[in-house]
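Colleague: I'd like to learn how to read a model like this one feature by feature. Can you walk me through it?

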Amino acid sequence: MSQQAEPGGDAVTRLAVSTVIFALRPDRTGRPVLWTPLVRRTREPQLGLWALPGGWLPPTEELEAAAARTLRLTTGLAPTYLEQLYTFGEVDRSPDARVVSVVYWALVQRDEAARATAGPNVRWVPADTLPALAFDHNRIIEYALWRLRTKVEYAWIAHAFLGETFTLAELREVVEAVLQRPLDPANFRRTMLASGRLHETGERLAGARNRPPKLYRYDSTALAEATPEPSARTEPLRERPAS
């Protein structure tokens, strides 16, 4: 990251965009866990370290468009769920410039993740067992995990991992994988059906043995509702030093 200066010698704050991507993939034991792709830095500072996909924000490009573009160029992914996560702007985030990063997060289905760019400079890793990353990117991913696990309790965000239709068992498996703990199937079923956000499609899962389970979809109006956001003041990483 090269530092620019205005006339008079004052350093210019640079604006960047980065994206945290989550996909559910099996770990070594076959258990589904959250994975995230990283890209290797090919220039200084911190040459060779792994980092989040991202880049500088051009003056004529909208934030979300820049996030989508850099994501496509580095990983080949074009997720349908792309949302602004947080802005990170601590003074010492980068060693050679003041850099403010607007961070997005994206959730992708397993088949989407399988189509991601592969190569020596792109690497998928389990999101809970990260290596030491460039800048403060460990802290950014930890924050994204915390936000996801808080929001998934509202359940609709799991839709991004599932597709248009799904069974209640598939929905529960996604929530369990995100939270990394089992849920009582009967209680989960009652809670989801009582939420008013799920609609039966009138169809059943094809190819299932015995009595095929019903397929559901989320109410489109429920998906458009704003989910209550956790307060930044309660965010557990705010007092931790950057990684």
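Predicted model: local features only at pLDDT ≥ 70, side-chain atom pairs only at ≥ 80, totals over all residues.

Colleague: How many helices and strands does the chain have?

Modeller: Helices (H or I, at least four residues) and strands (E, at least two) are DSSP runs, numbered from the N terminus. Here that gives 7 helices and 9 strands.

Colleague: And what share of the residues is buried?

Modeller: Buried means under 20% relative accessible area, exposed is over 50%, and partly exposed is in between (1.4 Å probe, protein chains only). In this chain of 243 residues, 44% count as buried.

Colleague: Let's do the backbone. Which peptide bond is cis?

Modeller: Look for an omega near 0°: the bond from Glu-44 to Pro-45 has it. You'll find Pro-45 in the loop between β2 (32–40) and β3 (50–51).

Colleague: Where does a positive phi turn up in a residue other than glycine?

Modeller: One of them is Phe-135, with phi near 55°. Phe-135 is in the loop between β7 (122–126) and α3 (137–151), and it counts as buried because its relative accessibility is 7%. Gln-180 also has a positive phi, about 60°. That residue sits in the loop between α5 (168–179) and α6 (185–194), and Gln-180 is partly exposed at 31% relative accessible area.

Colleague: Since you mention α5 and α6, at what angle do they pack?

Modeller: For this you need axes, which are lines fitted to C-alpha atoms, for helices over the stretch in contact; angles run from 0 to 180 degrees between N-to-C directions. Under 35 degrees counts as roughly parallel, over 145 as roughly antiparallel, 65 to 115 as roughly perpendicular, and the rest as oblique. For α5 and α6 the angle is about 105°, with the axes 10 Å apart, so the two helices are roughly perpendicular.

Colleague: Which residues meet there?

Modeller: Contact means heavy atoms within 4.5 Å. On the α5 side we have Leu-168, Leu-171, Arg-172 and Val-175, and they meet Pro-185, Phe-188, Arg-189, Met-192 and Leu-193 of α6. By class, this contact has 7 nonpolar, no polar and 2 charged residues. In that scheme Ala, Val, Leu, Ile, Met, Phe, Trp, Tyr, Cys and Pro are nonpolar, Asp, Glu, Lys and Arg are charged, and the others, Gly among them, are polar.

Colleague: Now the rings. How many aromatic pairs are there?

Modeller: Rings of Phe, Tyr and Trp (its six-membered ring) pair if their centres lie within 6.5 Å; planes under 30 degrees apart are stacked, over 60 edge-to-face, and the rest tilted. The structure holds 6 such pairs. Among them is Tyr-86 with Tyr-143, a tilted pair at 4.9 Å centre to centre and 50° between the planes. Tyr-86 lies in strand β5 (residues 81–88) and Tyr-143 in helix α3, so the pair ties together parts 57 residues apart in sequence.

Colleague: What else does Tyr-143 pair with?

Modeller: Trp-146: the ring centres are 5.9 Å apart and the planes at 35°, so that pair is tilted too. Tyr-143 and Trp-146 are 3 residues apart in α3, about one helical turn, and both are buried. Ring pairs link Tyr-86, Phe-88, Tyr-143 and Trp-146 into a cluster.

Colleague: Which charges sit over rings?

Modeller: The test is NZ of Lys or CZ of Arg within 6 Å of the ring centre and within 35 degrees of the ring normal. Arg-25 lies over the face of Trp-35, 5.6 Å from the ring centre, and the charged end of Arg-147 sits over the ring of Trp-105, 5.8 Å from its centre.

Colleague: Last one: what does Gly-54 touch, leaving aside its neighbours within four places in sequence?

Modeller: Val-17, Ser-18 and Thr-70. Gly-54 lies in strand β4 (residues 54–56) and, at 30% relative accessibility, counts as partly exposed. Its C-alpha is 7.2 Å from that of Ala-16, 38 residues away in sequence.

Methods. Residues numbered from 1 in each chain as written. Heavy atoms only, no water.
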